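We will go stop by stop.

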Amino acid sequence: MAVTDTDTQNGSGGLGGLTANRDVVFAIGVVLILGMLFVPLPPILLDLGLAASLSLSVLILMVALWIPTPLEFNSFPTLLLVVTMLRLALNVSSTRLILSEGHTGTGAAGSVIEGFSQFMVGGDFVIGIVIFAILVIINFIVITKGSTRIAEVAARFSLDAMPGKQMAIDADLGAGMIDENEARRRRKELEEESSFFGAMDGASKFVRGDAVAGLIITLINVVGGIMIGVTSRGLSIGDAANNYTVLTIGDGLVTQIPALVVSLAAGLLVTKSGTKGAANEAVLSQLGNFPRALYMASALCFIVGFLPGFPWLVFASLAGAMGAMGYFMQGQLAERETARLAAEAAAADQPDTPVDPIKDMLKLDDLRLDLGSALVPLINSPDAALPGKVKSLRSLFIKDFGYVIPPVRIKDDATLPAMSYAISIHGVETARGEVRPGAMMVIEPGGADINIPGERTKEPTFGLNAIWVDQSRASEAEARGLTVVDPESVVTTHLTEVIKEHMPELLTYASTQELVEGQSKEYRKLLTDINNNAPIVLLQHVLQALLSERVSIRNLPKIIESVAEAAGTTKNVKIVVEHVRSHLSKQICQSMVDAGGYVPVVTLGPVWETELQNAISRNGDEVNFIMSPQRVQDFVLAARKELQQFAASDQWPSLLVAPDSRPYVRSILERVSPMTSVISHNEVHRKASLKTVATIGS
């Protein structure tokens with residue numbers, strides 16, 4: 001029979017199979033625990049069970065220490081019952097071995113019991129009896145009794161307060177402060193809290209019963225062992241007492257220590273009550289909130305060290321440690337207080353204006369991504385990657401263009417087709433596309449046809465031939481040199497190109513003001529000194545012009561300097577922009593350098609160079625471009641003929657023109673070849689190496 005991929009992933013017969021059938025494994029474990037009550041265990045299996053009991057107890061304690069709230073460990077009562085039953089079953093098995101084989105020596109009940117008896121009591125049963133009695137007293141009288149009382153009170157108070165809490169939830173829901181989902185979550189949490197503390201009230205009785213049972217079993221083992229050793233095994237009273245008592249005390253210790261650990265975990269759970277966070281965070285943070293208490297404790301420790309017979313060095317070291325901790329915590333409290341006062345002052349400076357729902361409805365999102373109903377899992381599933389990819393666009397645009405794009409609001413739209421998405425700018429739909437969740441898009445970079453089974457489509461950003469295929473065929477497409485992208489990347493790429501195309505629109509007055517506020521005070525003052533009624537608006541227009549040609553505005557201080565220089569002689573924005581571009585020549589040329597270190601350019605023939613220059617008419621500060629529509633069309637056709645041969649290989653050389661005609665040539669080519677950069681001779685940096693790749697003739 002063939003083995004499918006699913007069978008392999010499930011790990012049939014291995015660890016995967018156990019994980020997939022945890023309910024069966026748990027049931028088998030409980031049955032084995034019950035079986036230990038009746039079936040004799042060999043010493044090796046008893047050792048394994050005792051080691052597992054100790055390890056499980058330590059695991060429970062660690063979980064109780066680190067969980068933020070008790071409800072996150074609400075299976076503790078059930079687990080406590082199973083662990084208690086495991087210890088009692090092991091106790092019965094060890095009793096059987098002790099009474100039947102105790103005459104052979106202290107190793108009759110396995111290595112774990114013998115190891116405990118030798119390590120902790122040195123083989124002296126008197127010491128063992130004392131230590132065992134102390135552990136029982138600590139567990140039974142101190143920890144278990146206190147935990148039981150706290151659980152009883154918590155269960156009673158939780159049940160008594162339930163009607164009031166239910167009414168509070170209903171009141172918040174009726175007042176509109178919470179929605180139905182939040183109300184349902186709170187009711188469920190309240191029900192779980194009451195059930196948990198009620199279960200803990202009963203579960204604490206398991207711990208008390210375990211302690212009592214351990215004490216009784218120990219007495220039975222000692223008395224019964226001595227009687228069996230003397231009457232049936234022919235031992236003297238001294239030898240019988242030594243063998244059976246040492247074994248019994250070792251058995252008692254190996255079961256009481258895990259019981260003590262689990263009792264401590266139960267105490268930690270019930271004492272956390274309303275405190276949130278891990279135990280160390282809750283306790284240490286609250287102790288550190290009172291540096292004066294640490295100072296006082298330090299002083300008292302230091303004084304105690306001077307009492308006759310006391311080790312002064314030990315108490316002095318403790319006093320120094322507590323004093324240093326108090327000093328450190330006092331510094332942290334001062335910093336937190338300063339931060340709190342600063343936050344309150346900032347909040348006080350902001351006027352408390354009531355939210356007007358009408359104004360809120362009229363407010364438009366700068367950027368919005370609407371998703372059809374079938375695409376909602378791309379944003380709300382546990383492993384959704386789309387929100388993170390969209391968020392990362394802000395870092396991309398800051399790095400490439402020095403421009404902070406506004407936040408992108410992602411929402412579902414029931415009016416869209418199920419598989420469609422729409423990109424809106426300032427409330428106006430700008431672009432739309434379709435993706436297939438769970439599938440992969442295969443693109444042929446050269447635009448050729450793709451011979452792979454799937455749903456044929458067009459890539460929404462650049463209109464290339466593409467096909468949606470199953471994820472299982474993605475590796476096959478990659479092996480053939482095709483581009484394979486997931487639906488999230490398709491949407492993100494489309495959104496990126498739309499933002500690049502509309503960066504000038506997104507650079508509003510408010511965002512320009514924000515960019516200026518981020519500069520040093522010298523540059524802010526330089527901008528305000530510009531001889532212009534609205535210097536921020538002038539700077540905004542300059543930045544919009546640069547972004548429209550995809551020139552980075554990251555070097556904003558240099559741009560402000562250049563604007564200030566040009567604004568002293570002219571108010572024409574186009575002239576100011578050309579002046580700024582000349583100052584950014586190094587940056588502009590660097591962005592166009594090819595792999596060989598050259599700036600590839602397409603030049604104009606002498607006929608077009610002369611005709612474009614003659615079409616410029618100046619009247620003071622006013623500049624006009626006068627050329628017949630027929631000649632403009634002829635120029636577009638001539639330029640397209642030269643540029644298309646490079647576009648087929650995804651190469652975009654720059655068009656080099658005279659400084660006066662550059663803005664007008666750019667406006668002519670913007671619609672037919674927006675990816676072509678138009679630069680003037682003033683923008684060629686002195687260290688840039690040009691390489692002429694074509695010339696536009698007449």
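What pLDDT does the protein average? This is a predicted model, and the mean is 78, with 82% of the residues scoring at least 70.

**Colour by confidence**

Confidence is highest in strand 3, at 93, and lowest in helix 1 (residues 5-10), at a mean of 44. Now select residues 1-13. Over this stretch the pLDDT is below 50, and beyond near neighbours in sequence it has 6 contacts in the model. Where pLDDT is low, predicted coordinates should not be read in detail.

**Whole protein**

Zoom out and switch to cartoon. The protein has 27 helices and 14 strands. Of its 698 residues, 39% count as buried. Among contacts with a separation of 6 or more, 71% join residues 24 or more positions apart.

**Ser420**

Go to strand 3, residues 420-425, and select Ser420. Is Ser420 buried or exposed? Its relative accessible area is 2%, so Ser420 is buried; the cut-off for buried is under 20%. Show what surrounds Ser420. Leaving aside neighbours within four places in sequence, its contacts are Asp370, Leu371, Gly372, Leu375, Gly433 and Glu434.

Next, select helix 7, residues 125-174, and pick out Ile137. Ile137 is partly exposed, at 46% relative accessible area.

**Glu476 and Arg473**

Move to the charged side chains. How many salt bridges does the structure hold? The count is 22. For one of these, select Glu476 and Arg473. The closest N and O atoms of this salt bridge are 3.3 Å apart. Glu476 is partly exposed, at 35% relative accessibility. Arg473 is also partly exposed, at 31%.

**Around Glu549**

Now select Glu549 and Arg662. Their side chains form a salt bridge, at 2.9 Å from N to O. Why does this pair tie together parts that are 113 residues apart in sequence? Because Arg662 lies in helix 27 (residues 662-669), while Glu549 is in the loop between helix 21 (535-548) and helix 22 (556-567). Arg662 and Glu549 are both buried.

Arg666 is buried, as is Glu549.

Which residues are linked with Glu549 in a network of salt bridges? Select Glu578, Arg581, Arg662, Arg666 and Glu683 to show them.

**His685**

From there, find the loop between strand 13 (678-680) and strand 14 (690-696), and select His685. His685 has a relative accessible area of 14%, so the residue counts as buried. What does His685 touch, not counting residues up to four places away in sequence? Ser585, Lys586 and Cys589. Then draw a distance from the C-alpha atom of His685 to that of Gln590: the separation is 9.0 Å. Along the chain, His685 and Gln590 are 95 residues apart.

**Trp608 and Phe635**

Last stop: the rings. The count comes to 4 aromatic pairs. How are their rings arranged? The centres are 5.2 Å apart and the planes stand at 70 degrees, so the pair is edge-to-face; planes over 60 degrees apart count as such. Trp608 belongs to helix 25 (residues 606-614) and Phe635 to helix 26 (residues 629-647). The pair links distant parts of the chain, 27 residues apart. Trp608 and Phe635 are both buried.

Terms used: Residues numbered from 1 in each chain as written. Predicted model: local features only at pLDDT ≥ 70, side-chain atom pairs only at ≥ 80, totals over all residues. Heavy atoms only, no water. Helix = DSSP H or I, 4+ residues; strand = E, 2+ residues; numbered from the N terminus. Buried < 20%, exposed > 50% of the residue type's maximum accessible area, 1.4 Å probe, protein only. Contact = heavy atoms within 4.5 Å. pLDDT = per-residue confidence, 0-100. Phe/Tyr/Trp six-rings, centres within 6.5 Å; stacked < 30°, edge-to-face > 60°. Salt bridge = Lys/Arg side-chain N within 4 Å of Asp/Glu carboxyl O.
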